[in-house]
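Student: I have a model open on my screen and would like to talk it through. Could you help me see what the terms used for it rest on?

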Amino acid sequence: MIKEIIEPARHIPVRAEVDILVVGGGPAGIMAAQAAAADGLKVMLIENRSYLGGNLTIGLPILGFLGRKGNEIIKGLPSDFVHRLQARGQATGHRACPLHVSLTMIGGEASKKLATEIMEESHVDVLMYTLCTDVIMEDHTVKGVIIESKAGREAILAKTVIDCTGDGDVAARAGAQIEKGNDEGRMQPPTIMFSMRGIDIKKLRESVADHPEEYDVDIIPNEFFRTDANFTFVGMRRKIHEARQAGMNINVERTIIMTGIAPDEMWINMSRVNGTDALDPKDNTEATFEAHRQNEEVVRYLKAYVPGFENAWVDKVAPFLGTRESRRVVGKYMLTRDDVLQGHRFPDAICAASYPIDLHHPVGGDCTLEWCDDCYDIPYRCLIPKGVDGLLLAGRCISTTHEAMASTRVMSICMATGEAAGKAAQLAVKAGVAPAQVNVSALQDALRQEGVYFRPEE
Ligand SMILES: Cc1cc2nc3c(=O)[nH]c(=O)nc-3n(C[C@H](O)[C@H](O)[C@H](O)COP(=O)(O)OP(=O)(O)OC[C@H]3O[C@@H](n4cnc5c(N)ncnc54)[C@H](O)[C@@H]3O)c2cc1C
């Protein structure tokens, strides 16, 4: 039995009283705060790190802006974000990709800076270095949160709270129903991203295009690399096999490397620590140590086996372990694998989305992908936790099954659900109703006015 103590009740200061509180400043959170603040409401964003952007800052391309038919299906505020990065030379356009449907490379540091600028322009009150640790409830309604920082334990009261923590921290504390993992409770493994510079990317592309017999690629034709300079490369299973035979300890089956913004830069997504529970600090600590160890071996592998990496060096290492999966909050509707793969439509759609069910297997070192024909809808009900009022969900923790989450987790979709949650919170506060009572067609109209794409009637 776990030893317990009783924490005495105490008076704590109320740091702020706001209309809308966004918890978590990643892709979902910055969009939620921007959308919520557009109408003069008092909006606050709290973030436990020293910068905004979450996983936008660790070298990942944003996946999912295009549908499989090639048209842009995520527009609105996420699209504005990318256009502003592009104007600074810090994002590529959206590139169609046979494997990941679409990729948009972005600069991590530039994303942090832009996110901060947008919060300032939108008059969002940002509080960083602050962890949300609990909620303030009245019956089943969230009335605010408890935060912890160097200033101690404080409260923030809010008319509506949006959980953009990725891990569903607020919803879990509010007593929402939570699910984790697949049928056996196993979750996708985490990774520490890092970048290398000094890579001869032309040599890499030509080698892959010229020697398909040597450099196998998953799904993407080798010829693709002759013409496209911005790419995610997934494959070289045979090289990994060779490296293992030569005594290297590589934990993944595939080489996963992606171009960045600088011409000699690539980001490496090749550590994985199976069996990690991202909600347990001890697990996270051990997985962090282990991922760093794996990355050292990955660097040796890349320099020895992957053309163009011979003279490369490690440039940046992500400051945290990237979590692919943790809590999923059960909402009024739970998006399923069928909804994704069959491209289901919903009358309460708040955005369209397109990305395969991309499952990094919880056991072993492999991954599988399954695609829909073009795109699917995400219904508003996935953003509303069942049985809890005053709270909305956006980003990775929205209401889906384990498999559907393997599609909705990519950042364009997280940004789109963030924008929708922010707009819904705004409408709820202005009408003085709970998020579940928001008029959905008014929400859809408001999103359309911001440029959000909805699928045309069939
Ligand atoms: C290794 C890896 C590779 C991936 N590859 C891609 C890819 O190539 N392209 C792609 O589009 N997606 C990719 N994804 C998925 C994607 O990055 C995430 O699913 C997405 O960023 C989730 O967005 P979010 O806003 O919900 O959460 P996050 O990006 O995790 O942001 C959550 C924010 O909330 C803050 N926070 C959390 N808890 C609290 C709290 N209690 N109090 C205060 N602040 C808190 C965090 O510090 C963070 O800033 C990848 C994920 C991983 C881990």
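Predicted model: local features only at pLDDT ≥ 70, side-chain atom pairs only at ≥ 80, totals over all residues.

**Reading the model, term by term**

Student: Now the whole chain. How many helices and strands are there?

Tutor: The chain has 12 helices and 21 strands.

Student: And why is the chain called as compact as a globular protein of its length?

Tutor: Set the value against the rule: for 458 residues the globule rule gives 23 Å, and the radius of gyration of the chain is 22 Å, close to that, so the chain is as compact as a globular protein of that length. The C-alpha trace spans about 65 × 60 × 40 Å along its principal axes.

Student: What makes a residue buried, and what share of the chain do buried residues make up?

Tutor: The cut-off is 20 or more other C-beta atoms within 10 Å of the residue's own. Buried residues make up 52% of the 458 residues.

Student: Why is strand β17 called largely enclosed?

Tutor: Five of the five residues of β17 (residues 349-353) are buried, so the strand is largely enclosed by the rest of the structure.

Student: How do you know that β17 and β20 pair?

Tutor: Pairing needs at least two bridges. β17 and β20 (residues 376-379) have four, in the antiparallel sense, and therefore count as paired. One of the bridge partners to look up is isoleucine 378 in β20, which faces cysteine 351 as its partner.

Student: Last one: what are the domains, and how many residues of each are in contact with the other?

Tutor: Domain 1 covers 14-185 + 325-449, and domain 2 covers 194-317. Contact here takes C-beta atoms within 7 Å, and 20 residues of domain 1 are in contact with 22 residues of domain 2. On the domain 1 side, the touching residues divide into nine nonpolar, eight polar and three charged.

Conventions. Residues numbered from 1 in each chain as written. Buried ≥ 20, exposed ≤ 12 C-beta atoms within 10 Å, placed from the backbone. Helix = DSSP H or I, 4+ residues; strand = E, 2+ residues; numbered from the N terminus. Rg over C-alpha atoms; globule rule 2.2 N^0.38 Å. Domains from an automatic or database assignment. Contact = placed C-beta atoms within 7 Å. Nonpolar A, V, L, I, M, F, W, Y, C, P; charged D, E, K, R; others polar.
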